[in-house]
Amino acid sequence: MHPVRRQRLLLVLFVVLFSSAAIGLMVYALSGNINLFYPPAEVAAGKAPVGQQIRVGGMVVEGSVQRSDNSLEVRFEVTDYQASVPIVYTGILPDLFDEGQGAVAAGVLNDSGVLQASEVLAKHDENYMPPEVAEALEASQRLQEQQDG
Amino acid sequence: MIPEFGHFALIIALCLGVLLSVIPMWGAWRNNEKAMALAPGLAMGVLVFVAISFAVLTVAFLQDDFSVKVVASNSNSLLPSMYKFSAVWGNHEGSLLLWVLILAGWTAAVALFSSQLPLTMLARVLSVMGFIGVGFMSFSLFTSNPFERLLPGTPADGNDLNPLLQDPGLIIHPPLLYMGYVGFSVAFAFAIAALLGGRLDAGWARWSRPWTNVAWAFLTFGIMLGSWWAYYELGWGGWWFWDPVENASFMPWLAGVALLHSLAVTEKRGLFKSWTVLLAIFTFSLSLLGTFLVRSGVLTSVHAFAADPERGLYILVFLAIVVGGSLTLYALRAPTVSSRVTFGWVSRESLLLVNNVVFSVATLTVLFGTLFPLFMDALGQGKYSVGPPYFNAVFLPLMALLVPFMGVGPLSRWKSDTGSRWLRDLALPAVAVVVCSLTLPLLGADGFNLWVALALLLAGWLAVGLLRDLRDKTRNAPSLARGLARLAPSYWGMVMAHLGFAMTIIGVVATSQYSVERDLKMVPGQVETVAGYTFRFDDLAAVRGPNYVADEARLSVTQDGEHVVNLAPQKRRYLASGSIMTEAAIDPGLWRDLYVAMGEPVGEQGAWAIRLHYKPMVRWMWLGAIFMGLGGLVTVADKRYRRRRAAVAAPGGIDGSPA
């Protein structure tokens with residue numbers, strides 16, 4: 001074989017092997033590290049998996065935020081006005097977290113339907129609503145209208 | 001009346017841009033010298049009118065002209081004037097105008113500093129850049145006019161700038177980042193011009209190399225500032241989140257690294273030509289993709305100012321035209337410019353090939369992780385998010401794989417080298433590095449740490465490779481100092497950038513492994529100890545700033561009974577918007593940062609949630625990035641980029657000057 005062609009062949013083989021290894025690594029990493037968003041209504045209906053990383057978001061229910069007296073544990077509920085999900089989080093909440101505002105929590109749902117959050121995200125500024133939350137609220141509003149009408 | 005003047009200037013700039021993208025290109029096609037010679041003048045014209053337009057918007061911000069919509073929504077009369085200035089680009093419309101201004105600046109710079117370029121090439125390059133400019137100027141004018149007025153109905157005061165953006169780091173972060181982003185358009189334009197002319201030779205690589213290096217250097221500084229800002233401003237001590245918007249700027253950076261190295265091979269050896277062109281297209285496309293991701297509102301973050309589907313669609317169409325058009329051109333032209341030079345498997349070419357493969361794959365994995373949620377959402381498969389664990393699991397092994405080759409790189413030879421020579425030169429240093437990396441982590445307080453050992457091994461390997469090569473290069477000099485002084489700037493640039501990479505490895509690993517982070521509930525008078533430092537919460541005070549009021553916690557830090565520093569983190573409430581902001585207090589140091597931030601008041605007796613962080617060697621990461629960026633800038637000082645036209649016209653391929 002012509003040396004240039006042989007070199008090119010080896011090159012292609014090298015690139016193919018290397019990229020397959022990288023793709024394998026990617027798929028492996030992805031399988032363990034993605035998490036899906038569930039609106040509160042689906043969580044309440046039991047559609048969300050227990051013991052797996054998920055995200056739940058909605059509006060923080062007015063008057064639901066309770067802080068512990070001796071630790072940084074916070075309990076609150078988020079709602080899409082169909083159902084609400086209780087959330088427990090230990091740590092410092094983001095600046096823009098507030099009752100009646102949108103928030104998304106990432107964590108694991110336990111058997112009693114409480115989300116043990118490892119992270120809580122609030123909006124970035126006062127005009128912004130997390131898109132998942134906006135969509136969940138819209139869906140629940142449509143459902144409401146269908147039921148009313 | 002003045003804002004309309006700015007609007008008018010932008011329209012004139014757009015018209016000049018259209019001329020720039022048509023006339024010289026036509027001239028290059030018909031070989032019409034007069035038409036081609038218009039290109040530099042038109043490029044300067046575009047710059048002048050965009051600059052006027054930008055200046056007008058700046059004046060509107062500085063004079064609190066709230067009849068202009070963007071001023072009213074993003075500024076306030078109480079805002080310090082430094083931030084009124086940076087508020088110009090703290091919004092969608094203004095930041096787009098900055099994009100256009102910087103692009104016009106790069107175009108004019110190419111026109112000014114390319115007297116040695118053949119006229120046809122210069123005309124094509126400027127035309128391609130003019131075309132990109134037209135795309136963005138019309139985007140600005142038709143979908144996001146910064147000069148839109150609120151007449152009648154001018155508000156008495158503005159809505160204020162997002163408090164997160166009221167920060168000195170944020171004044172220069174966007175311009176630097178854009179300098180990098182947009183700078184890759186020069187490499188792109190050179191690649192397209194070379195494809196059009198069918199002349200992909202060493203001369204082409206030599207012209208586009210300094211531009212690529214500078215653009216990459218600015219992008220490095222921009223990303224570094226963004227990371228630093230996130231660290232002290234977001235109030236929880238993180239410095240990299242694999243947030244889609246960060247990835248948007250990181251992807252062109254990674255592709256840029258591959259491009260820099262591939263250009264070196266093309267310039268020195270006339271190899272990888274088609275691949276280099278493809279990389280140049282790919283890198284700039286990623287810059288455009290980044291702009292699309294950030295500006296279209298498909299992603300949400302502090303950077304996404306507006307979610308207007310029309311804007312997203314416009315950039316998407318423009319992206320499709322640029323990427324589709326350039327790839328079509330590539331498919332038509334690239335096969336005619338392939339090379340027939342060979343190289344041995346043990347050679348510098350092979351090592352640079354490894355660099356290219358690793359960085360290309362790294363770019364693709366980041367791209368995949370960033371776009372995966374968007375695709376799944378578009379397909380109706382649910383709202384996924386891909387978090388840092390994915391990126392760490394994929395990205396870190398790739399980088400670790402790179403370093404063994406990177407250490408050998410500087411002392412390897414072009415064309416053909418031998419493994420035994422590498423072994424002879426590096427065996428002893430390798431043993432020394434292994435011993436150091438196995439023993440040094442034992443000095444840490446918590447015993448041996450495998451990750452730190454690995455980081456030391458990799459960083460040390462890079463350092464000894466460079467030292468060994470420096471010794472070889474200075475061996476025949478009369479004295480070490482004179483030998484070092486004789487080395488070319490481009491060589492020094494490489495040394496700095498590689499050392500910077502080593503520093504970043506150490507900083508990243510040390511701070512992620514040895515950081516101590518504690519979130520606590522503290523009442524005034526309480527004392528807590530973190531990593532040997534004793535933090536005493538002295539008292540709580542109410543303070544007032546120019547446009548905010550704040551609660552300030554005052555802490556004094558001692559170590560072994562000796563006073564170290566007083567820290568005063570704040571929780572601010574901005575008056576105009578009512579937004580709450582955390583202002584962390586940091587005691588910085590080369591070996592460790594102490595980081596204190598306030599959470600929220602908890603319970604009775606004035607208790608607050610307080611973050612106390614001890615972050616060893618976190619500065620090394622940013623110092624390393626500064627070194628990498630400086631390295632990129634230093635290479636431009638190289639003599640060979642200042643040769644006149646005659647020298648450049650020499651038949652390209654192999655070149656005797658030092659790498």
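Predicted model: local features only at pLDDT ≥ 70, side-chain atom pairs only at ≥ 80, totals over all residues.
I'll start with chain B by itself. Its secondary structure comes to 19 helices and 11 strands. How far does the C-alpha trace of chain B span along its principal axes? About 80 × 75 × 55 Å.

Next, the packing. Of the 659 residues in chain B, 51% are buried. To count as buried, a residue needs 20 or more other C-beta atoms within 10 Å of its own. Then the contacts in chain B: if we take those between residues at least 6 apart in sequence, 75% join residues at least 24 apart.

Now to the interface. On the chain A side, 33 residues are in contact with 34 residues of chain B. Which elements of chain A give two or more residues to that side? They are helix H1, residues 3-33, strand S1, residues 34-38, and helix H3, residues 131-148. H1(A) provides the largest share, 12 residues. By residue type, the side of chain A that touches chain B has 19 nonpolar, seven polar and seven charged residues.

Last, the strands. S1(A) is joined by three bridges to strand S1 of chain B, residues 384-386, and the two run antiparallel. One residue pair to look at on the screen: Leu36(A) has Tyr384(B), in S1(B), as its bridge partner.

That's the end of my part.

Terms used. Residues numbered from 1 in each chain as written. Chains lettered and ligands numbered in written order. Helix = DSSP H or I, 4+ residues; strand = E, 2+ residues; numbered from the N terminus. Buried ≥ 20, exposed ≤ 12 C-beta atoms within 10 Å, placed from the backbone. Contact = placed C-beta atoms within 7 Å. Nonpolar A, V, L, I, M, F, W, Y, C, P; charged D, E, K, R; others polar. Pairing = 2+ DSSP bridges.
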